[in-house]
Amino acid sequence: MALAKFGVVVLDCPDPRALAGFYAGVLGGTVEGEGDWVDLKVPGGPQLAFQEAPGFVPPEWPAADRSQQFHLDLLVEDLDAAEKGVLDLGARPLDTEDRERSFRVYADPAGHPFCLCAG
C-alpha cells in the first residue's frame, strides 16, 4: 500500500516564469502563477513547478562537486527535430556528439540537465 501519491516535480531556478515558459515550449501545457512559484500543467503528464531560489547555482554535468541531483528524460519521436526545437528555445548541448545513441543531453536555460530520448 502506497503511503503517498505523486504530486509535482519542482525545479529551483532564478526566474520561475521564464523557465516554465521554456518547458511549455518543449512539452506544451499551460503556465500558471506569478512571482516565486509558477506551475506548468502538462496535458497527459506530470505537473512541473518552478520555484525562485535566490543564489541559485546551476549543476554541472558531469561533475561530482556540482552534481545534477536529478534530470528529466523527455521522450521524442525525432531526436534531430526535437534537438533543433530545444536549442531554439534556449537549451544548450551538454553531450550530443554521439549521434548513434538513443539519447542526447542538454541544459535548460537555468542549467538543469535534461535528456531527449528516442521513444
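Select Phe-22, Tyr-23, Phe-50, Tyr-106 and Phe-114: ring pairs link these residues into a cluster. Rings of Phe, Tyr and Trp (its six-membered ring) count as a pair if their centres lie within 6.5 Å; planes under 30 degrees apart are stacked, over 60 edge-to-face, and the rest tilted. The model is predicted, so local features need pLDDT of at least 70 and side-chain atom pairs pLDDT 80 or more, while totals for chains, interfaces and linings use all residues. Residues are numbered from 1 along each chain as its sequence is written, and side-chain values use heavy atoms, without hydrogens and water.

The structure holds 5 aromatic pairs. Keep Phe-22 and Tyr-23 selected: their ring centres are 4.9 Å apart and their planes stand at 85°, so this pair is edge-to-face. Phe-22 is buried at 3% relative accessibility, and Tyr-23 is buried at 1% (buried: under 20% relative accessible area; exposed: over 50%; partly exposed: in between; 1.4 Å probe, protein chains only).

Next, display the open sheet, in which 4 strands follow the order S5-S8-S7-S6 with mixed pairing. Its edge strands, S5 (72-76) and S6 (92-95), each pair on one side only. Strands are DSSP runs (E, at least two residues), numbered from the N terminus, and two of them pair if DSSP finds at least two bridges between them. Select S6 and S7 (residues 103-107), which run antiparallel and are joined by 3 bridges. Asp-95 has Val-105 in S7 as its bridge partner.

Finally, go to Val-10 in strand S1 (residues 8-13). Val-10 counts as partly exposed, at 31% relative accessibility.
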